[in-house]
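Colleague: I have this one open on my screen and would like to go through it with you. Could you take me through the side chains and the helix packing?

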Amino acid sequence: MSKEQKPRLLTGDTSTGRLHLGHWVGSLENRVRMQDEYDCYFIIANIQAMTTRMDRPAEVHQHVMDVMLDYLAAGIDPARSTVFIQSEVPAIAELTVFFSLLVPYPRLMRNPTIKDEIRDKGLGDNYSVGFLLYPVSQVADILAFRPEVVPVGEDQIPHLELTREVARRFNQVYCHVDPQTPDEEYLDKGGLFPVVETKLGRSRRLVGIGPPGPDGSLLKMSKSMNNAIFLSDDPDTVKKKVMAMYTDPNRLKATDKGCVENNPLWIFHETFNPDQDWVREAEEKYRAGTIGDVECKRRLIDVLVGVIEPMRQRRLQYEKDLHHVVSLLKEGTAKANEVAGATLVLAKEAMRQRYF
């Protein structure tokens, strides 16, 4: 099957730093696996990073390279997939403006991700118009490439729902598709934009290695929370982080009975350890107080190093030739501009706003 005949896939990451294990099981693992089945486009969203880092442009610039290096290290193959930089595809910005006309302000404020970020970052009312607009920008990131499927983590589901709403609305208003049309039939009925499908990773929300939040719930793995294990961490760093991992605070010694539920140690074993028979047996021993945290953490260290170390070694190789990495980004961005530019032309024709 030629690349042109494959169904298209788009997803990506905001350039806020190196990628971690939460990214791997949330979406990145899926992307690597799907490269032969789909025409893959992966966006590095630097404009979205700027919405909360407008005063740190050099940091955002470096993080674009960090994400690209992690993509290559994880197995994203530029010969099979297209990686590009958001700000270097101007059609996305123009589509953002058009799509913003289809999204009511109250709808943006109902987005739980927006509300969570305002709360978690303590922004109050002190956030820019650009910050509020970034969900619409993300809609443009996706629909500019008219993909059929978008692999994401669970926290991105609200953004995908907005994307689906905008696709329906555009098709109804400008392509005259009947609002009662099933999602999967919009293109057949004359719509321009597909109502995209979401594909979740095998772990919808990997917890971090630190203690719970103020409400007692385990926090999602996050760079900003300082509770992440990165895909580029060396074995010693992985060891230190795992040995310091939060477990059952009521278990003071190895012979105490332990709780497996909501325990990051066992969430990680269940997610990453290929020997699930050992995991089940060890969990029972943990509950009975016949196996210690240290033994279980040492086993987890071996498992995680086995996952991370091949990626880290590939990353080190790519770091030796950053000019080549930049050239791969440049090639991918040129391909992305062709596709997004063609979509913009079709959108403006549908809106009767193409004059020349």
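This is a predicted model: local features need pLDDT of at least 70, side-chain atom pairs count only at pLDDT 80 or more; totals for chains, interfaces and linings use all residues.

Colleague: Fine. Is F99 buried or exposed, then?

Modeller: F99 has a relative accessible area of 0%, so it is buried.

Colleague: And which ring does F99 pair with?

Modeller: The structure holds 11 aromatic pairs, and in one of them F99 and F170 sit edge-to-face, with 6.3 Å from centre to centre and 85° between the planes. That pair links distant parts of the chain, since F99 belongs to helix α4 (residues 90-100) and F170 to helix α8 (residues 157-174), 71 residues apart.

Colleague: How far apart are F170 and Y174 along the helix?

Modeller: They are 4 residues apart in helix α8, so about one helical turn separates F170 from Y174. Y174 has a relative accessible area of 22%, which means that it is classed as partly exposed.

Colleague: Which residues make up the ring cluster?

Modeller: Ring pairs link F99, F170, Y174 and F193 into a cluster.

Colleague: Staying with α8, what about R164, buried or exposed?

Modeller: R164, which is also found in helix α8, has a relative accessible area of 18%, so under the 20% limit it is buried. Leaving aside residues up to four places away in sequence, R164 touches D183, V195, V196 and E197.

Colleague: Next one, D66. Where is it, and what does it touch?

Modeller: D66 is found in helix α3 (residues 57-74), and its relative accessible area of 12% makes it buried. If residues up to four places away in sequence are not counted, D66 touches G17, R18 and R315.

Colleague: How far is G17 from D66, in sequence and in space?

Modeller: G17 and D66 are 49 residues apart in sequence, while their C-alpha atoms are 6.2 Å apart in space.

Colleague: Switching to helix packing, at what angle do α1 and α10 pack?

Modeller: Helix α1 (residues 21-34) and helix α10 (residues 264-272) pack at an angle of about 45°, and their axes are 12 Å apart. The two are therefore oblique to each other, and their crossing is left-handed.

Colleague: Which residues meet there?

Modeller: On the α1 side they are L21, W24 and V25, and on the α10 side F268, T271 and F272. By class, that contact of α1 with α10 has 5 nonpolar residues, 1 polar residue and no charged ones.

Colleague: And how do α9 and α12 cross?

Modeller: The axes of α9 and helix α12 (residues 293-319) come within 9 Å and cross at roughly 145°, and this crossing is right-handed. From α9 the contact uses P235, V238, K239, V242 and M243, whereas α12 brings V294, K297, L300, I301, L304, V305, I308, E309 and R312. The residues of the contact of α9 with α12 divide into 10 nonpolar, no polar and 4 charged.

Colleague: Last topic, the backbone. What is the phi of N226?

Modeller: Phi of N226 is near 55°, which is a positive value in a residue other than glycine. N226 lies in the loop between β5 (197-200) and α9 (235-243), and with a relative accessibility of 72% it counts as exposed.

Colleague: What about N262, and where does that one lie?

Modeller: N262 likewise is not a glycine and has a positive phi, of about 55°, and it lies in the loop between α9 and α10. With a relative accessible area of 62%, N262 is exposed.

Definitions and conventions
Residues are numbered from 1 along each chain as its sequence is written. Side-chain values use heavy atoms; hydrogens and water are left out. Axes are lines fitted to C-alpha atoms, for helices over the stretch in contact, and angles run from 0 to 180 degrees between N-to-C directions. Angles under 35 degrees count as roughly parallel, over 145 as roughly antiparallel, 65 to 115 as roughly perpendicular and the rest as oblique. A crossing is left-handed if the near helix is turned anticlockwise from the far one by less than a right angle, and right-handed if clockwise. Contact means heavy atoms within 4.5 Å. Ala, Val, Leu, Ile, Met, Phe, Trp, Tyr, Cys and Pro count as nonpolar, Asp, Glu, Lys and Arg as charged, and the others, Gly among them, as polar. Rings of Phe, Tyr and Trp (its six-membered ring) pair if their centres lie within 6.5 Å; planes under 30 degrees apart count as stacked, over 60 as edge-to-face and the rest as tilted. Buried means under 20% relative accessible area, exposed over 50%, partly exposed in between (1.4 Å probe, protein chains only).
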